[in-house]
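Subject: Model for your files

Hello,

I am passing on the structure we talked about. My notes on its strands and helices follow below it.

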Amino acid sequence: MKIYPIECGNFKLDGGAMFGVVPKTIWNKTNPANENNLIDIAARCMLIQDGNRLILIDTGMGNKQSEKFFGYYSLWGSYSLDKSLAKYGFHRDDVTDVFMTHLHFDHCGGSVHWNADKTGYEVAFKNAKFWTNDNHWEWATKPNAREKASFLSENILPMQESGQLNFIKRPEGDFGFSEELNFGVFYVDGHTEKMMIPHIQYKDKTIAFCADLIPTAGHLPLPYVMGYDTRPLLTMPEKAKFLHAAVENNYYLWLEHDAHNEIITVESTEKGIRLKEVFHCEDILT
């Protein structure tokens, strides 16, 4: 098995929205904001080469939305999904599986693109199976008023229309092993219904892809919960359970949204579970 970081593009989000009730005087120390209160955000996806399979976890925003849409997110940097795949000698047609932690636009937008020749939306990975779970699919395709702006039909429905959509078999509890993709999945409901946190056994390490459970290293304290979470009071015990497992089992935490800290480990302190070490992806993956 080999794992590669796939940087799908950087953007900015409002720091207050990213930290909920936490005052700016506190979160600005770890995630400094610009003059417009915006903080740096990454879309650091993961590519797993396992035998004949090439599994991509999340796909970033994509590039099909309007200039006005992207203007809200202050895109910066030169990363893109295609450039990152090419860096390691791959093309999107090589991808066999696309696993989506959840279907918010900044996690699945790159799964679908606009085909100018056919003048329509189509899946961006023509040879891949697309994986979500049935509960989350139902939640995303019949969105509540709060999440409606995050669940965009053009990002979601083409996967079903293509016939390439698949559902992970979900266990009764909150953690199970995905026989379909050969890694563990931790299910959480605080951010959105049945978001999936993959756990990959890589050499002698367990790498947990944190998605929006822990967006950045600055979000480690339990009350540091995003304003985007639909059930913030549920996020806190889910984070606690996950972080205690991370300490006990020495997980390496892959931070999808932290533009400056790629992989971290954590430890127990008098103040709770906090940052231990920071690693670049190549330090862990080579």
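In β12, glycine 184 is the bridge partner of phenylalanine 177. The model is predicted, so to speak of local features a pLDDT of at least 70 is needed, side-chain atom pairs count only at pLDDT 80 or more, and totals for chains, interfaces and linings use all residues. Residues are numbered from 1 along each chain as its sequence is written, and side-chain values use heavy atoms, with hydrogens and water left out.

Strand β11 is joined to β12 (residues 183–188) by 4 bridges, and the two run antiparallel. Strands here are DSSP runs of E with at least two residues, helices are runs of H or I with at least four, and both are numbered from the N terminus. Two strands pair if DSSP finds at least two bridges between them. The open sheet has 7 strands in the order β11-β12-β13-β14-β15-β16-β17, with mixed pairing. Its edge strands, each pairing on one side only, are β11 (175–178) and β17 (272–279). Neighbouring strands are turned by 35° against each other on average, direction ignored; axes are lines fitted to C-alpha atoms, for helices over the stretch in contact (heavy atoms within 4.5 Å), and angles run from 0 to 180 degrees between N-to-C directions. Helix α8 (residues 232–249) lies across strands including β12 and β16, at about 95° to β16.

The 6-strand sheet

This open sheet has the order β1-β4-β5-β6-β9-β10, also with mixed pairing. Strands β1 (2–7) and β10 (165–167) are its edges. Antiparallel strands β1 and β4 (residues 44–50) are joined by 6 bridges, with tyrosine 4 partnered by leucine 47 in β4.

Regards
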